[in-house]
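Okay, thanks everyone, let's get going.

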Amino acid sequence: MRTILLTGPGGSGRTTLAAATALTAARDGTPTLVLSTDRTDTLGAALGIQTGPNPVSVPGVPHLTAWRPDAADRFRADLTAFQDRAKNVLDFLGASRLDPEELTPLPGAEELALLRALRDAALSEAYGLLVVDLPPTPQALALLALPDELRRYLRRLLPAERQAARALRPVLGRLAGVPMPADWLYDAAARWDVELAAVTAVVEDPGTVVRLVAEPGPAGTDAVRAAITGIALRGLRADMLIANRVLPEPSIDPWLASVTAQQRKALEDWPEKYALPLHQVPHLGRDPRGTDDLVALRAPGVNRTTATVEWPVTDHLADDGVLVWHIPLPGAIRDDLDLVRRGDDLVLTVGPFRRIVPLPSALRRCTVAGAALREGELRIRFAPDPDLWPQTR
């Protein structure tokens, strides 16, 4: 199974392009599911149908299914189940239970629903392609980082090794005067860890790619640069840049001629700045509605090649006495870059994006000797720590 994640700046038309991409694949005979979590049914408007909490087949298009998971229902079910499992603790604290009817989704519930739907669709093995309409790029990258972040929190708050001390819990509970975490809490943490790992596996699979949708022009150019840097920082693979709503050749209308000239400049610059295929989608002169309009957009098909993003470590010990970690960050600006080492992790910040990355095993026995940003690549130099590095005679 392959997965295409579509994102871009707000208002770039990514939901329409997600629908058009899914339609193109389905017309080629690939069983395809297109996912979206917009509260308003923009996906259904593009397809000319109504989408909702249950997957629905698109009439007249075999192999195409659309799904807009309902975050509210899943949130109520999860919180109700949690209250059932935590009944003893809640009763001890004198807490009153919340009824399902009074629960409303918290911020972020839509994103969690999308991740869970992505995992469920992948595990179902019913589709050859998943097309995911992600939120605007900053929110999308935070969403894709969420499984790893939550797993890290769980490992810190409920480390698995503490579960082994079951015999001590009653004693500790009497000493502390409060109930100690029960087995169900650790079991729940283990279950959440497995579920989050399944989402991470889909996102990091070699068959998963990111497609960036933007309107060509000054604002689109700024958004593309930031997005490509953020995608690279997350270790994701971008396979295509889609220029949406491209106007035809210059018109006699001075305003249209000016806008078209801005678009042409961006379309010339983007392939030179970024090593990505550029696909142009024409402006139809109206908002696309229905499958006929989606076909007219001529959305790109599925790229069948697979690849992974590499962050290699090269050995320069003989010449310079260092190991060099190469991290590709196209579009990054030196003034926006910040590095902090914390134990065996590297906290890497690029503009508005931040990621905590575990150091490769060899670099954990080294100290940071410097870093440089050259030609869109961050090169961090590590010098072996004499107290930790194996000595040779």
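Before I get to the sheet, one definition: I'm calling two strands paired if DSSP finds at least two bridges between them. And keep in mind that this is a predicted model.

So, the sheet. It's an open one made of 8 strands, and the order reads β3-β4-β2-β5-β1-β6-β7-β8, with mixed pairing. At the edges you've got β3, residues 56-57, and β8, residues 278-282, each of which pairs on one side only. Let me zoom in on one of the pairings: β2, residues 32-36, and β4, residues 64-67, run parallel and are joined by 4 bridges. If you want a place to look, find T32, whose bridge partner in β4 is L64.

Next, the tryptophan. W311 sits in the loop between α11 (291-296) and β9 (313-316). Buried or exposed, then, for W311? Buried, because its relative accessibility is 16% and the cut-off for buried is under 20%. Who's around it? Setting aside neighbours within four places in sequence, the contacts of W311 include A232, L233, G235, W325 and R355. Take G235: W311 is 76 residues away from G235 in sequence, yet their C-alphas are 8.5 Å apart.

In one of them R119 pairs with E195, with 3.4 Å between the closest N and O atoms. That links distant parts of the chain, since R119 is in helix α5 (109-124) and E195 in helix α8 (183-204), 76 residues apart. R119 is buried at 10% relative accessible area, while E195 is partly exposed at 26%.

Helix α8 also carries D193, which bridges to R151 in helix α6 (137-157), 42 residues away; the closest N and O atoms there are 3.0 Å apart. R151 is buried at 19%, and D193 is partly exposed at 22%.

Last one: K265 with D269, closest N and O atoms 2.9 Å apart. Here both residues are in helix α10 (254-273), and because they're 4 residues apart, about one helical turn separates them. K265 is exposed, at 52%. And one more thing on the network side: salt bridges with shared partners join R119, D120 and E195 together.

Definitions and conventions:
Residues numbered from 1 in each chain as written. Predicted model: local features only at pLDDT ≥ 70, side-chain atom pairs only at ≥ 80, totals over all residues. Heavy atoms only, no water. Helix = DSSP H or I, 4+ residues; strand = E, 2+ residues; numbered from the N terminus. Buried < 20%, exposed > 50% of the residue type's maximum accessible area, 1.4 Å probe, protein only. Contact = heavy atoms within 4.5 Å. Salt bridge = Lys/Arg side-chain N within 4 Å of Asp/Glu carboxyl O.
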